[in-house]
Amino acid sequence: MRVLGIESSCDETGLAVYDTERGLLAHALHTQIALHAEYGGVVPELASRDHIRRLVPLLRQVMGASGCSLAELDAVAYTQGPGLAGALLVGCAFAEGLAASLGKPILPVHHLEGHLLSPLLAQEPPAFPFVALLVSGGHTQLMAVAGVGKYELLGETLDDAAGEAFDKTAKLLGLGYPGGPALSKLAETGLPGVFDLPRPMLHSGDFNFSFAGLKTAVLTLVRDKAEDRPDFPADVARAFQDALVEVLVKKSIAALKHAGMQRLVVAGGVGANRQLRQALNEAAWKRRYRVYYPELEFCTDNGAMIAFAGAMRLMAGAQPRPAGVFAVRPRWPLNELMGA
């Protein structure tokens, strides 16, 4: 089966073709970083308009690279949610219209399921079951994953997601957009231990997260204790990243022990953070666990993960529906997919 995947949940337009026998045939991605940079964050209206401009050229590009025609597709998968309502509607309308014109069935896909399954696109994919750490700009969750559609929520953030905390802290330090990668790069030049920031909910006894207080602690540090030396921003960035990484690592290892599993899958944009990867690998190695990551190009939003998730759904027995239903779900808890 060949599945076309379409991703448009926020500020990346991604398309891909996945073949259940041959694997990923082609993928193409356009990021809107330059478009939103002058505003310091994503402007939903501009994001929606840019998706409209990019979908047709990207479709032509990815179909040409895949070596197959639109008529040879078996289904069209698209991100139904969660995400920005306007951006989701653009992808939904495009996918539904394309599928209807081709007489192909359609598969609405959960954006986070795409992230969760994206490490299976790697050359050495993990086997089920595993614990998944979904860590991105909009979500921070720990899930026990028994198989496709078999998810149990273990814990999640009670306020800011990890990626959101990165971006807000970067803004406090005067860094550009996107803030998360800029802060991570700056933190690599900072000295550990110069500042001691809180580790929220580190000893809460559950698998939930909270990062709003960490961001507020940085605000207080920058406002009240700013030092007139060039290394101050880098040392603050390092202190922030050290605190956040410690919480993510300890909660993830505890979740593995609780679930009785040996494999941890890390997905989402923050999963590309080098310090987080190093700390997770070291903690897992000491306990004989193993950590799996998506390829770096698939850490952020992309069409490949949507095409793959759609294909996995089909292989698990999901029934695609006829095209023509224009509905998106900007808020959509992942655990609603249990058994779907």
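Which radius of gyration would a compact globule with 340 residues have, and what does the protein chain have? A compact globule of 340 residues would have a radius of gyration near 20 Å, and the protein chain has 20 Å, which agrees. The radius is taken over C-alpha atoms, and the globule rule is 2.2 Å times the number of residues to the power 0.38.

This is a predicted model, in which local features need pLDDT of at least 70 and side-chain atom pairs count only at pLDDT 80 or more, while totals for chains, interfaces and linings use all residues. Residues are numbered from 1 along each chain as its sequence is written, and side-chain values use heavy atoms, with hydrogens and water left out.

## Overall build

The protein chain has 10 helices and 10 strands. Helices (H or I, at least four residues) and strands (E, at least two) are DSSP runs, numbered from the N terminus. The C-alpha trace spans about 65 × 45 × 30 Å along its principal axes.

Of the 340 residues, 54% count as buried. Buried means under 20% relative accessible area, exposed over 50%, and partly exposed in between (1.4 Å probe, protein chains only). The protein chain exposes about 14,700 Å², and carbon and sulfur atoms supply 53% of that area. Accessible areas come from the Shrake-Rupley method with a 1.4 Å probe; for residues, only the protein chains shown count as cover.

Among contacts with a separation of 6 or more, 73% are accounted for by residues 24 or more positions apart. Contact means heavy atoms within 4.5 Å. The protein chain carries 31 positive and 34 negative charges, whose mean positions are 3 Å apart. Lys and Arg count as positive and Asp and Glu as negative, with His and the chain ends not counted; the place of a charge is NZ of Lys, CZ of Arg, CG of Asp or CD of Glu.

## Aromatic pairs

A pair of aromatic rings is described by the distance of the centres and the angle of the planes. Rings of Phe, Tyr and Trp (its six-membered ring) pair if their centres lie within 6.5 Å; planes under 30 degrees apart count as stacked, over 60 as edge-to-face and the rest as tilted. By this rule the count comes to 5 aromatic pairs. One of them joins tyrosine 18 and phenylalanine 308 edge-to-face, at 5.1 Å centre to centre and with 80 degrees between the planes. Tyrosine 18 lies in strand E2 (residues 12-19) and phenylalanine 308 in helix H10 (residues 303-315), so the pair ties together parts that are 290 residues apart in sequence. Both tyrosine 18 and phenylalanine 308 are buried.

Phenylalanine 209 and phenylalanine 211 form a stacked pair, with 6.0 Å centre to centre and 20 degrees between the planes. Both phenylalanine 209 and phenylalanine 211 are buried.

## Backbone features in loops

Glycine 81 and proline 82 are joined by a cis peptide bond with omega of about -10 degrees; proline 82 lies in the loop between E4 and helix H3 (85-102). Another cis peptide bond, with omega of about 0 degrees, joins phenylalanine 128 and proline 129. Proline 129 is in the loop between helix H4 (111-117) and strand E6 (130-135).

Methionine 201 is not a glycine, yet has a positive phi of about 60 degrees. Its place is the loop between helix H6 (179-187) and helix H7 (212-224). Arginine 288, also not a glycine, has a positive phi of about 65 degrees and is found in the loop between helix H9 (274-286) and strand E10 (290-292).

The relative accessibility of residues discussed in this report is listed here.

| Residue | Relative accessible area | Class |
|---|---|---|
| Methionine 201 | 23% | partly exposed |
| Leucine 153 | 28% | partly exposed |
| Aspartate 74 | 37% | partly exposed |
| Alanine 127 | 42% | partly exposed |
| Arginine 288 | 75% | exposed |

## Separations and contacts

Aspartate 74 sits in the loop between helix H2 (44-66) and strand E4 (75-81). Leaving aside neighbours within four places in sequence, aspartate 74 is in contact with Met1, Arg2 and Pro105.

Leucine 153 is in strand E8 (residues 150-156). With neighbours within four places in sequence left aside, leucine 153 is in contact with Gln141, Leu142, Met143 and Asn335. Leucine 153 and leucine 191, 38 residues apart in sequence, are 36 Å apart in space, C-alpha to C-alpha.

Alanine 127 is placed in the loop between H4 and E6. Its C-alpha atom and that of leucine 35, 92 residues apart along the chain, are separated by 39 Å.
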